[in-house]
Structures are given as structure tokens and as C-alpha cells.
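I opened my notebook beside the viewer today and jotted down what I looked up, one stop at a time. Come along if you like.

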Amino acid sequence: MSGLAAGIRLAHYDQSVCILEKHWTIGGLNSFYRTNGRNYDVGLHAVTNFTPRGTKKGPLARLLRQLRFRWEDFELSPQVGSAIAFPGVRLGFNNDIDCLRSEIARAFPAEVDNFERLLSQLADYDDLDQENFGGSARAFLAQTLQDPLLIEMILCPLMWYGNARPDDMDYGQFCIMFRSIFLEGFARPYKGVRLILKHLIKRFRSLGGELRLRSGVESIRVEGTRAVGVVLENGEEITAKRILSSAGVIETQRLCDNLSQLEPQKAGQLTFIESISILDKQPKDVGFGETIVFYNDSPHFHWRPPDEQLCDTRTGVICSPNNYLYPSHSGELEDGVIRLTTIADYQRWKQLDDKEYVRAKMWWYDRSVASAVRFIPDFRSHVIDTDVFTPKTIRRFTSHDNGAVYGAPDKQLDGTTHLSNLFLCGTDQGFVGIVGAIVSGISMANMHCLRDPG
Amino acid sequence: MTPAEIRDEIIDILSEIAPDEDLSGLQDEQSFREQMELDSMDFLDIVMELRKRHRIQIPEEEYGELASMASTVRYLEPKMANI
Ligand SMILES: Cc1cc2nc3c(=O)[nH]c(=O)nc-3n(C[C@H](O)[C@H](O)[C@H](O)COP(=O)(O)OP(=O)(O)OC[C@H]3O[C@@H](n4cnc5c(N)ncnc54)[C@H](O)[C@@H]3O)c2cc1C
């Protein structure tokens, strides 16, 4: 996604661009696949950062302007409403911050003023200004809010949708995620992520861009302090003036053949399994009418890789693509779908042999769903088909080490690397999610390939 | 190009960058930023469009000259006189 966005910017300004994709299909983590006659999205629960037509501020408006799309092109339908569910407390929220405000007034009346203070502090955060990015979100929240439970509940969705770091979160990432989820909101195209991808590809090609699938980069050719080109897995060499890589920070360094001067950086660890259930009716008809529920089964939110097992089902995200306010002409989605995301451990999943892997998928599907139905109506008797994808799947679609969904914890916000004309974009540059990846591609293309035409 | 033609060209660029914007009431002396909520990425686009359409190079130190319509036209006049 970030690569396509960067490609569109550069091709629009007449640069000659080639996008190399290792996979046989497009989209990376935002891809889709077909099994048992059904289409599944890999990464899409919701497009975050949703703002209504005509909004001029914010990442969505910015990316539409930069890529010359109309708001209508992405066919975004807003969410019905979502919730954060902890034992005994539930906070609803939707695309209007007043909903969360009143929910906090109901469940945490003593925190009303503190929450306002939090909102006013966040309003001024500029996500293009990287100076205040570091720092602990937990420390910031502890200064602003008093009730530890409210702090945990606010962090839960924000970490789930964009935190590469275990336990705590960078302050900047917290501000970005808070805005994208609570101040802006969730939406989805009726046709899913493929609609957005289709637009991006069409635009890229119409501007003269070249997209090559099944073209994994095996190495980046280095001369001195510069990258001079890439060597593909099939041996072909392509020269380039500049290279943008969405492969990840460590993954990209590994592709360079002068490995001697590398500073070791830690790869991310946080990865997921996704348990998808197809129902015999619409989710709302089994009593699940919300768009997304972020649940955690104790007052403390545990955001870290599982300690001992393949998965940790204490927390999860339950989401239904059916529960969006689609326009009346598209009607309801054909299949009733409930998706459930659970924290998992890549290394343990990787070690399983084929038979164990299949068994583990079934076992953890059951465990995950059993955990989730403590927070939403039990839909299990309506399930007619299931699919589970694992960290191995995520690794296959992204080639990220450990299948780390949000990449490495330490972001490279200016996108620079040890080589003067090799730059990062996407997850490891700093912006995550669908909108984040697109904005990342745009800003890295602007910063490193357009400002200085060289 | 005459100053009036340069102004039209800038309006055309702005309408490409921000298609939903009503530009008919644009005040020439007031900054773009105040009137249209343009951010730094949009300013880069004005520069890039001028480069793409007319091969005009604007060094980064001079981006500030593009703050308002009046200052932009003044700045571009000598650069676009022979186009
Ligand atoms: C289960 C799940 C649910 C999610 N839900 C949401 C959601 O609801 N909303 C949201 O906004 N985000 C969601 N995300 C996150 C979102 O999908 C990612 O943040 C986003 O896709 C990142 O885009 P990217 O361009 O940075 O990287 P990637 O999507 O990882 O793309 C990198 C690309 O580079 C290719 N590549 C890697 N190495 C090479 C090589 N050597 N040669 C050639 N090609 C290579 C890969 O094949 C891949 O296509 C979800 C993710 C998961 C796993």
C-alpha cells in the first residue's frame, strides 16, 4: 500500500517508477484471498481516520488531495458503532467523539474534566512534526487521567490498531492512533480493501508506472554509500537512482550486500492469528450489531507476545464487516462474517509441522472464539464455515520478520537508511494501518524523491 | 505570461490539488494557508506542478514566496515572463 502510494506520487510527476512485489498478488498485508468459494480480506477490519466528505484536515483529506482522488472514490461507509469491553465496564464509541464523551461521563463520572484536558492536549499534535514522537504514552496518560482502568481501556484499541512496542506506546504513536480511532473513526468500502487497491493500481498504471508481481528483490546492490540497483530473485538486475523499500527496516538492511556497517535493531514481535467465522445469518440477527469490539478480560491490558503458548486469548478484537452503514443501493453483505484477532507468537507457530499446524489452527480458533463470546452474544451455533490465518500467513504476505504486523518498535521517522539514496516507507517508517501506509508512501516520496530532483 | 495569466494558472493548479475548494472568493493578499488549510505537502504540490507544467525550478529556500496569491504572482512574474 505504501509503495503504491509513493509510486503514484512519483509517476504523477513524470518519474520513471517500477514497483517490485515479491508476492503473486498485490496489497501486502492489505491483500485478499479466496478459499472455499469465498473472498476474504487479509488486513482489513476498518479504514481508520474516516472523516466525512468535504473535511479539509486530517490524513484522509490529505491523501486524497495528494493522490488526486475524490472522496467518493473510496466508497467509504461509516461504522455503526464500536465498544471497548473490560470486565463489568463497556465504553461505546463511534465516529463522533461526543459518544465516547458521554460514555465516559456515564462510566467514569469523576474523569470528565480530565478527559477534556486530554482532548485539548491531543488536538494540537501534528503528525508531520516528528519532534515529540518519543516518550511514554502511559506516563502521559498517568499525568492526565486518574482512574487506571480508564487508562487501560483507552490504550486497548490504540495499541491493537497500531503499536509495535510491547506494554507501552510511543507518545507520538498514541496521538496518531487516538485521533485516527476516536476523533476521526472507522469506515469500510462495501467491496472491501480490494476496491481501494484497485483504484491505486489503476491510477499508478495510467500514469505510466510499472508494477511487477512475483518479482522479489533478492538483494540491493551497493557501491560505497549508495544503492545502485536491485537484483531480483530470478537473477535480473535493475538499476535505480533511488530506492524506496516497504520491506521493513531490518529486512531492507539485510538485502544490502555491505552488511558490515549495520547497527543491529530489534525486529517487532507482535503478531496475530485471525479467526474468521461465516454465519448462517447477518451478525446483527444473532445479536451482534456492533462494528468492532476491543475486549480484555482483566482490569490490566496485556499487550505483549504470549509468554508460553501459541496465542494469548485474554484480549482480542471482534469485528464484523457487515456492521457498517452501507448505502441502500448496495444492501447487506451476502455472508454474515465475524472476524476475531488474537495475539500470537510467530516462532512457536513456525515450529509446528504440517499436521500440528492444522490442529493448532482448529484448537486456537475454538479457544479464541470461546474467549470472545464472553463479550458479545454467543454466535457459535450459527457458524457454517471458518478460516484461520496465522503469523505464518502474515509473514508470507509481508515478508516481515516474525510476521510482525506493525513492524519494528523503533521507527525511522525520516525514512533514511545507512545509504544516501535508499529510503524506507510504510510500517517501519512510522505510519501504520491502511491510511497510515498510504500517507507514509506519500510523505517519503515527497521528502526524498520530489523535493530534490537530483 | 501576464500577471493575470499567471493567476489563472495558479488557480488551475489549486483546483487540481483541492478539487472541492471554492476558489472564486480567494483573497489575493491573504495567505493560502489561512483561507484553504493547505499544509506543507500542498505547497510542495504547487511547486511540483509549476515544475511539471512549465519547467520552473523553485529552490526550497524560496517556497515562502508562495504564501499568498499576490506574493506568488509577484515572485513568478520574472520567471514566467517568456512562457
Ligand atoms: C489481521 C490484521 C488486521 C488489520 N486490520 C487493519 C485495519 O482494520 N485497518 C488498518 O488500517 N490496518 C489494518 N491492518 C494493518 C495494515 O494492513 C498494515 O499496517 C499495512 O498494510 C501496512 O502497509 P505497508 O505498505 O507498510 O506494508 P506491507 O503491507 O507489509 O507491504 C510490504 C510489501 O512488500 C513486499 N515485499 C517485502 N519484501 C520484499 C522483497 N524482498 N521484494 C519484493 N517485495 C517485497 C511484501 O510482499 C508486501 O507486499 C491489519 C493487519 C492485520 C494483520
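**Chain A, overall.** I began with burial: of the 454 residues of chain A, 60% count as buried. I kept in mind that this is a predicted model. For its accessible surface I noted about 18,300 Å², with 49% of that belonging to carbon and sulfur atoms.

Next I counted elements and found 13 helices and 18 strands in chain A. The radius of gyration is 21 Å, close to the 22 Å that the globule rule gives for 454 residues, so chain A is as compact as a globular protein of that length. Along its principal axes, the C-alpha trace of chain A spans about 60 × 50 × 50 Å.

I also checked how contacts in chain A relate to sequence. Taking those between residues at least 6 apart, I found that 74% join residues at least 24 apart.

I then zoomed in on strands β2 (residues 32–35) and β3 (residues 38–41) of chain A, which run antiparallel and are joined by 4 bridges. Which residue of β3(A) stands opposite A:Tyr33? I found A:Tyr40 there.

**A helix in chain A.** My next stop was helix α13 (residues 433–450) of chain A, with 18 residues. From first C-alpha to last it reaches 24 Å, close to the 26 Å expected at 1.5 Å a residue. Is α13(A) enclosed or open, I wondered, and why? I saw that 16 of its 18 residues are buried, so α13(A) is largely enclosed by the rest of the structure.

**A serine in chain B.** I moved to chain B and picked B:Ser68, which sits in the loop between α3 (40–54) and α4 (69–80). Buried or exposed? B:Ser68 has 8% relative accessibility, and the cut-off for buried is under 20%, so this serine counts as buried.

I looked up its neighbours too. Leaving aside residues up to four places away in sequence, B:Ser68 touches B:Asp28, B:Glu29, B:Gln30, B:Ser31 and B:Phe32. B:Ser31 lies 37 residues from B:Ser68 in sequence, yet their C-alpha atoms are 4.2 Å apart.

**Confidence.** Last, I checked the predictor's scores. Chain B has a mean pLDDT of 90, and 100% of its residues reach 70 or more. Among the elements of chain B, helix α2 (residues 32–36) has the lowest mean pLDDT, 86, while α4(B) has the highest, 94. For the complex I wrote down an ipTM of 0.86 and a pTM of 0.93.

Definitions and conventions
Residues numbered from 1 in each chain as written. Chains lettered and ligands numbered in written order. Predicted model: local features only at pLDDT ≥ 70, side-chain atom pairs only at ≥ 80, totals over all residues. Heavy atoms only, no water. Helix = DSSP H or I, 4+ residues; strand = E, 2+ residues; numbered from the N terminus. Expected span 1.5 Å × (residues − 1). Buried < 20%, exposed > 50% of the residue type's maximum accessible area, 1.4 Å probe, protein only. Contact = heavy atoms within 4.5 Å. pLDDT = per-residue confidence, 0-100. Rg over C-alpha atoms; globule rule 2.2 N^0.38 Å. Areas by Shrake-Rupley, 256 points an atom, 1.4 Å probe, with all protein chains shown as cover. Pairing = 2+ DSSP bridges.
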